[in-house]
Amino acid sequence: MTSFDSSPTLQVWRGMLALAVVFVLLMTTGWTAIRHHRGPEQAREAALAAWRDDRTGSRELPDPASPPAELAAFFRSLTPRQRDRLAADHPLVVGNLDGAPVTLRYRANRLALRAALDAERARVADQRLSPDGHREAVRRTHRFAALMREDRQILAFDPSGKGRVAEVFGDLDRARHVSVVVPGVDTHLLTFQRTARKYAAPVGMAESLYAAERAAAPGTRTAVIAWADYTAPAGVGMDAAIGRLAESGAARLVSLTTALPGDSRVALFCHSYGSVVCGVAARRLPARVADVAVAGSPGMRAETAAGLGTGAHVWAMRDADDWIAEVPYLDVGGLGHGADPVAPEFGARLLSAAGAVGHAGYFEPGTESLRNFAEIGVGSYRSVRCAGAQGTCNSGISGTSAL
């Protein structure tokens, strides 16, 4: 005889209840609001057209959408003068090419930032701008000027729309361990860095992780990338409840990790909707990605860690007061992101998040969540602290010491 708790009728009602919760959220939290961004004229299409019309000697330039290995081979075939000429003439293209030399991308993006800053200053002076448009233009000039500081290493930059950007901390060419911070909703140029709530923004997250990794393994060459180089959902809206943006973000993340220089070991640290991006990317990630760690995840679009189809170690954490726990973990007709990564049956290695406060506190200095991320980032698995009393999250991992 089937018990009521496991009967098909009850399972249907549970599914309907979960859907009802989702639609209540849609109606009461602004999920259904359509948000349009009307920024300056986009320069990327013009830059791509100029790239397509150019040549190096008699050679056509490669399609920017080519695999990173092909782009890397193209740049290796050039002389230093030819590479520098392409960066100077096409900074908005070269600065975003996975496969181009890292230092060349830094130089190209500095030039692209200068052009974007000049264009934005012209917008600030435009009397036709609305008050809101003027305020946004002023904010963008401040952001571009800050990104142009001499000590900053900008790996990707696109000012069109709300903008995309990625920044490197450390020496990416020489690093033995590379960590990539993949942030969640409301990530764009203007939220890339914050003064208030510093460690809830990609730059603060990456800076904090880089410092913690250097403290965890002072003799290990590390680098951390603050990766806001995908189009993230705007707010907790419909885009955040489906996987459309995660699909395009995952393709960009796979390209990034495939193109990283050298043979460094790579770890992904994926927060909130960023964990959806990492989950979608997991099956296509290169073998050098050894770890995928998620915090405050709404799901990874898989029912189990094994279902992600990756050979990387899959780690998960969630603080006790993170509101994400109240989001229904379901996948019905593309709505929702699947099972809860911190549920024991999912099969992730569960990490302690002690000290983290709320949904955005996982990278705060002094927290066990940050300490665990740093130990994973440098490959020091024996030092991680597991959730719960059993402490088995790091069992069965070979090579459990920093390289």
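Let's call a residue buried when its relative accessible area is under 20%. Keep in mind that this is a predicted model.

**Exercise 1.** Find out which residues of helix H2 are buried and why they line one face of the helix.

*Solution.* First, go through residues 44-53: Ala 47, Leu 48 and Trp 51 come out buried. Next, look down the axis of H2: these buried residues fall within an arc of 100°, so they line one face. Then check the other side, where Glu 45, Ala 46, Arg 52 and Asp 53 are exposed. Last, ask what the buried residues pack against: helix H4 (80-89) and helix H5 (91-94).

**Exercise 2.** Is His 337 buried or exposed, and which residues does it contact?

*Solution.* Locate His 337 first: it sits in the loop between strand E9 (313-317) and strand E10 (349-350). Its relative accessible area is 4%, and buried means under 20%, so His 337 is buried. Now skip neighbours within four places in sequence; the contacts of His 337 then include Tyr 273, Val 276, Met 300, Leu 330 and Ala 240. Finally, zoom in on Ala 240: its backbone oxygen lies 2.8 Å from a polar atom of the His 337 side chain.

Note on methods:
Residues are numbered from 1 along each chain as its sequence is written. This is a predicted model: local features need pLDDT of at least 70, side-chain atom pairs count only at pLDDT 80 or more; totals for chains, interfaces and linings use all residues. Side-chain values use heavy atoms; hydrogens and water are left out. Buried means under 20% relative accessible area, exposed over 50%, partly exposed in between (1.4 Å probe, protein chains only). Helices (H or I, at least four residues) and strands (E, at least two) are DSSP runs, numbered from the N terminus. The arc is that of the directions from the helix axis to the C-beta atoms. Contact means heavy atoms within 4.5 Å. A polar contact is a pair of N or O atoms within 3.5 Å; within protein, one must be able to donate a hydrogen and the other to accept it, and residues adjacent in sequence count only if both atoms are side-chain atoms.
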